[in-house]
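I opened this entry to keep track of what I looked up. I wanted the sheet, the core and a few single residues on one page.

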Amino acid sequence: MSTAAITPADVPRLTSGLDELLEQVEQYYSKKILAYGPTPLGVDWSCVPTQEMRFVQLLKICVANDTPNNAIRLNDIGCGYGALLAFLGRRHRKKTIDYAGFDISPHMIAEANKRWKTRSLTSFQVASSGFRMADYAVASGIFNVKLSQPVALWEQMIAQTLGDMHATSLRGFAVNFLAPMPEGMPHVSELYSAPPDVWRGYCQQALGAQVELIAAYGLREYTLLVRKGSGSAS
C-alpha cells in the first residue's frame, strides 16, 4: 500500500467512480436506519457503550481538552441520526457547541432533523463534501465498510475526505479506522482496515499536520487526532 506517499495533488476529484461508491454506501446505511431506527444498529454499530467509547476518543481533539468557556464550531461527518449530540448533551452540556452534521443518507438526515429540530446552533445536510468551515471535525466509522468497492478506489475516497476535513477545519479533526485482523484470523472482504502508520503518515506528509495516535481502548481500531501544523506526535 502506497497511501502514505500520496500528496493532495495526486488525489484527483473522483467522478463516476465516486458516484457509484457513494450510491452503494448510501443505500447500505439507508437500509440500516430504516430497519433499526435511531439506534446504534441503525448506523451499523453494535451497542451504545462501544459507540460512545469512540466518541470519547474522537472528542479528545476538541471539547475534552478545551477550556469550558470556549464556544466551538464542530462538524460531524457521517453524523447519522445525530447520536453525538446526545452524548455531548450528557458529557459536555456546559459547552457551547455550534454543530453541523453531514451524511450521505437522506434518511439519516431526515431522522436527525426530526430528533434535533428544537436544538439551537444545529444543522444537518445531505453531503459527502463541501463542508462548512469549523474549528474541528470528527468522523466515526465512515471508512470501515467498503462493501464491494475496490481497495484502491476506497483509499482515494478516504484521502479525498481527509483532505476536505483538513481544508474546512481551522484547528484539527479526528477520525477512526479499523486495525488489521491478527495474523491467522479471517479477513472480512467488505471491511476496510489499515495499519496506523498508513493514514498517520498520509496526514503528516500530505496534509502537513501533527498527528496523535490513540489505540488500545478495548476495540480493534484506533483514532487519529490530526491538528493543524507540521511535525508529528506519537
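My notes below go from the sheet to the helices, then to the core and single residues.

**Sheet.** I am working with a predicted model. I started with strand order. I found an open sheet of seven strands with mixed pairing. I read the order as E3-E2-E1-E4-E5-E7-E6. Which strands are at the edges? They are E3 (122-126) and E6 (210-214), and each pairs on one side only. From one strand to the next, the twist averages 15°.

E1 (residues 72-77) runs parallel to E4 (residues 134-139), with four bridges between them. I looked up Asp76 and found Val138 in E4 as its bridge partner.

**Core.** How many residues does the largest nonpolar core have? I got 70. Leu84, Ile158, Leu162, Phe173, Val175, Phe177 and Trp199 have the most contacts inside this core. I checked which element gives the largest share: H5 (residues 151-167), with seven residues.

I followed up on Ile158. Setting aside neighbours within four places in sequence, I listed Phe143, Phe177, Tyr192 and Trp199 as its contacts. Of these, Phe177 and Trp199 are also among the core residues with the most contacts.

**His166.** I picked this residue from H5. Is His166 buried or exposed? It counts as buried, because its relative accessibility is 15% and the cut-off is under 20%. I then looked for polar partners. A polar atom of the His166 side chain lies 3.3 Å from the backbone oxygen of Leu207. Not counting residues up to four places away in sequence, His166 touches Phe173, Leu207, Ala209 and Lys228.

**Cysteines.** How many disulfides does a search of the whole structure find? I noted zero. Cys203 is buried, with a relative accessible area of 1%. Cys79 also counts as buried, at 7% relative accessibility.

Note on methods:
Residues numbered from 1 in each chain as written. Predicted model: local features only at pLDDT ≥ 70, side-chain atom pairs only at ≥ 80, totals over all residues. Heavy atoms only, no water. Core = buried A, V, L, I, M, F, W, Y, C linked by side-chain atoms within 4.5 Å. Buried < 20%, exposed > 50% of the residue type's maximum accessible area, 1.4 Å probe, protein only. Helix = DSSP H or I, 4+ residues; strand = E, 2+ residues; numbered from the N terminus. Contact = heavy atoms within 4.5 Å. Disulfide = S-S within 2.5 Å. Polar contact = N/O pair within 3.5 Å; in protein donor to acceptor, adjacent residues only side chain to side chain. Pairing = 2+ DSSP bridges. Axes fitted to C-alpha atoms, helices over the stretch in contact; angles between N-to-C directions.
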